[in-house]
Amino acid sequence: MVVPALIAACRALDTDATTPVPQLLSVLPWLTVPAALALLLAAAARRRALTFVAVLVLGATAWSSVPYMPQAVIPYGLPLARVKVLAANVEFGQGTGSLVDVVRRERPQLVFVSECDSACRSTLTRTFADVLPHYADVRGEGSVGSILLSSYPLTDWRMIPAAMGMPGATAEIAGVPVRLQLAHPLPPVPGQVSLWKRELGRVADAVAAQPTGPMLVAGDFNASQDHAAFRAVLAAGGLQDAARRADRSRTPTWPMEGPPLPPFVQIDHVLVRDFSVRDVRFLDLPGSDHRAVLADLDLRGPR
């Protein structure tokens, strides 16, 4: 019961604490399994006090696993444009070929690509020069490179300082300026949790700097809905997670490379403001350890 109780308490207190809490928060819904097993064992042993505590722990763990964002009705203005957004981590460029196939098939207007090395960047800009001619990028090898491809002209290019590339720009869609930001902070592995928090904090600062107007923040956040640092990004910009709006907030996107672990956590997200969500799908990218997120959105006018 100890681990589920600790992690449920951290979730309720809205803290990521330190190792091993951030790592275990990634598997929060799965902690209902040991909590339930503890309850069965306590009941089988006829330990009344322990059984009562086990019921509380299981209930707290299950409650903590409820999606963080209510499905409230949000007032919107009239739809101005339909926009498809694709967010993909191609794992050091290895999933570039699969991404090319997905973009050709789905025809998104905006594509956020993490871990796009020089070969990936060259392939994407050359292949989609006609349909996605505009881009903002951070050049680098391995996990450092990132690129944001757009069918709309881009202005006001800016980059969030980070170990891995996080470019941003403003697109004009249906005559409305829309702020775009690619997110790819460091993962919360032991030894760099403070850096992970700092980089997610910079993403939160960037969205807070533009408190009004349409916004899209997408990419590999290396954080799930159960991390306080991720929820702080949502709160800072008044953003909505498109997957939650589509009731798909527990669909795992990582890791996709097979044994020893099946995919168990959603760390790839498309966050929106002043957009309504038609649909969200999660697409396999052979060659990458991530699923891509495809969000079908409507840009909305003033309320």
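In this structure, the buried residues of helix α5 pack against β1 (79-89), β2 (110-114), α6 (118-127), β11 (275-283) and β12 (292-300). Welcome to a predicted model, in which the secondary structure of the protein comes to nine helices and twelve strands. The radius of gyration is 20 Å, close to the 19 Å that the globule rule gives for 303 residues, so the protein is as compact as a globular protein of that length. The points below start with α5, then take in the whole protein, and end with some individual residues.

- Helix α5 covers residues 96-106, and serine 98 is found in it.
- Which residues of α5 are buried? They are Thr96, Ser98, Leu99, Val100, Val102, Val103 and Glu106.
- Serine 98 has a relative accessible area of 14%, and it counts as buried because that value is under 20%.
- Leaving aside residues up to four places away in sequence, serine 98 touches Leu285 and Pro286.

**The protein as a whole**

- Along its principal axes, the C-alpha trace spans about 70 × 45 × 35 Å.
- Of the 303 residues in the protein, 53% are buried.
- Take the contacts between residues at least 6 apart in sequence: 66% of these join residues at least 24 apart.
- The protein exposes about 13200 Å², and carbon and sulfur atoms supply 61% of that area.

**The nonpolar core**

- In soluble globular proteins, nonpolar side chains tend to be buried together.
- Here, the largest nonpolar core has 30 residues.
- Which residues have the most contacts inside this core? They are Leu110, Phe112, Ile173, Leu180, Leu216 and Val270.
- What does isoleucine 173 touch, not counting residues up to four places away in sequence? Its partners are Ala81, Val83, Leu110, Tyr152, Val178 and Leu299.

**Backbone features to look for**

- Proline 255 belongs to the loop between α9 (242-245) and β10 (268-273).
- Arginine 107 follows α5 and is found in the loop between α5 and β2. Although arginine 107 is not a glycine, it has a positive phi of about 55°.
- Is arginine 107 buried or exposed? Arginine 107 is exposed, with a relative accessible area of 65%.
- Aspartate 247, found in the loop between α9 and β10, is not a glycine, yet it has a positive phi of about 60°. Aspartate 247 is exposed, with a relative accessible area of 57%.

- Arginine 248 lies in the loop between α9 and β10 and is partly exposed, with a relative accessible area of 31%.
- Arginine 248 and valine 280 are 32 residues apart along the chain, and their C-alpha atoms are separated by 7.4 Å.
- Not counting residues up to four places away in sequence, arginine 248 touches Ala243, Gln266, Val280, Arg281 and Phe282.
- Aspartate 14 is in the loop between α1 and α2. With 46% relative accessibility, aspartate 14 counts as partly exposed.
- How far apart along the chain are aspartate 14 and arginine 231? They are 217 residues apart along the chain, and 9.0 Å separates their C-alpha atoms.
- Beyond residues up to four places away in sequence, aspartate 14 touches Ala228 and Arg231.

Key:
Residues numbered from 1 in each chain as written. Predicted model: local features only at pLDDT ≥ 70, side-chain atom pairs only at ≥ 80, totals over all residues. Heavy atoms only, no water. Helix = DSSP H or I, 4+ residues; strand = E, 2+ residues; numbered from the N terminus. Rg over C-alpha atoms; globule rule 2.2 N^0.38 Å. Buried < 20%, exposed > 50% of the residue type's maximum accessible area, 1.4 Å probe, protein only. Contact = heavy atoms within 4.5 Å. Areas by Shrake-Rupley, 256 points an atom, 1.4 Å probe, with all protein chains shown as cover. Core = buried A, V, L, I, M, F, W, Y, C linked by side-chain atoms within 4.5 Å.
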